[in-house]
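Let's take a walk through this fold, one piece at a time. Have the model open and follow along.

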Amino acid sequence: MKKATYYILLTSLLLAAACSTHGTAPEAEAGDETYREIKVCTSAPDLKSLVDPATDMIYAYTFDSEHNVSWTGPSSIENGIYTYSVSGDLQFMVFSNISPENPATEVRSDADIMLALTPRYLTDEDMVTGTATADMIPEDGSALNIHLSRITSKVTAELTIKTLEGELLDLTGFMRTASISLSPQSASYIINGDYSAGYDGSSTCTLTGGMLEESATSYQICNDMSVLPTMTQVSETTDLTLTITDSEGQETAMTKNLGYALEPNKHYKLSISVTHDDTGFGFRIDDIITEDIEINLN
């Protein structure tokens, strides 16, 4: 899986900067329906994300008076201004870096929910959204300012195993792989018919590490992975379950409550310390240290 190795801190949107032009996603056939052109400026100075709201592809989901949905990419991106061709019956818009053709995310719209974004599998890709109603479009033809927000959390987790005396152990003698499961996490990000937005459904997300290096005393379970935040309607806090698989394929699972909920647009760096009882078969989670709950991703 491709991993990001650096981050961009978006402190301001520089409209004078030169921006590359991206391809345009398919648009609906015009027929007898009237279309109009709108210009959009995405302003996100506090967006902790790899998504650049001045140059990256941002898709527009548009809804008419009957809540029928269509989507399009920008016809141009110039100096941080996105230009879209939209229906003349436009009532509501959702802007996002996620397209309906994204294989990692299910995008749906039905009678009860105007738009739902549901991760199909875990990636390091951020999900950002912003909304606007038709009456917010400037009548003078100037750009509509849209604020994009990251709707996912970031999780990084590292594992160490220690003796009762606190000495770091060589992990190759105890494990093959390890994973963490977080619950209850939200299953989908939704926008309702009344234009309200939030999270829906309860799920468990599992993050599994890769190959264990020889003579390693620490193990990277995940790095900068994107997950939807805790489903606080179910629980005010998140449970973390650590599963260690040994060289023979046997699994040992242990659970600890983090004591807080994972929130969107925050990065959680977890140092998980496990103590091994060498008088018998047994592990216990000694501590989970959250080094940086909120961190600039740069």
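Keep in mind that what you're looking at is a predicted model. Start with strand β9, residues 128–133: five of its six residues are buried, so the strand is largely enclosed by the rest of the structure. Buried here means under 20% relative accessible area.

Who are the neighbours of β9? Strand β6 (residues 92–96) pairs with β9 in the antiparallel sense, with five bridges between them. To find the spot on screen, look for F92, which stands opposite T133 in β9. Then there's β11, a strand made of residues 149–150, which runs antiparallel to β9 and is joined to it by two bridges. Here V128 has R150 of β11 as its bridge partner.

Now move over to an open sheet of four strands. Reading across, the order is β4-β5-β1-β10, and the pairing is mixed. The edges are β4 (76–78) and β10 (144–146), each of which pairs on one side only. From one strand to the next, the twist averages 35 degrees.

Last stop: the second largest pocket, with a volume of about 260 Å³. Its lining counts 20 residues, and P119, Y121, L122, S226 and L228 are the closest to the centre. Strands β13 (177–192), β14 (197–208) and β15 (219–227) each supply at least two residues of that lining. Sorted by class, the lining comes out as 10 nonpolar, eight polar and two charged residues.

How values were computed: Residues are numbered from 1 along each chain as its sequence is written. This is a predicted model: local features need pLDDT of at least 70, side-chain atom pairs count only at pLDDT 80 or more; totals for chains, interfaces and linings use all residues. Side-chain values use heavy atoms; hydrogens and water are left out. Buried means under 20% relative accessible area, exposed over 50%, partly exposed in between (1.4 Å probe, protein chains only). Two strands pair if DSSP finds at least two bridges between them. On a 1 Å grid over the protein atoms alone, a cavity is a set of points where a 1.4 Å probe fits but cannot get out, and a pocket is an open set with protein on both sides within 12 Å along at least five of seven lines; lining residues have an atom within 4 Å of a point. Grid points are joined across faces, edges and corners, and a volume is the space filled by probe spheres set on the points. Ala, Val, Leu, Ile, Met, Phe, Trp, Tyr, Cys and Pro count as nonpolar, Asp, Glu, Lys and Arg as charged, and the others, Gly among them, as polar. Axes are lines fitted to C-alpha atoms, for helices over the stretch in contact, and angles run from 0 to 180 degrees between N-to-C directions.
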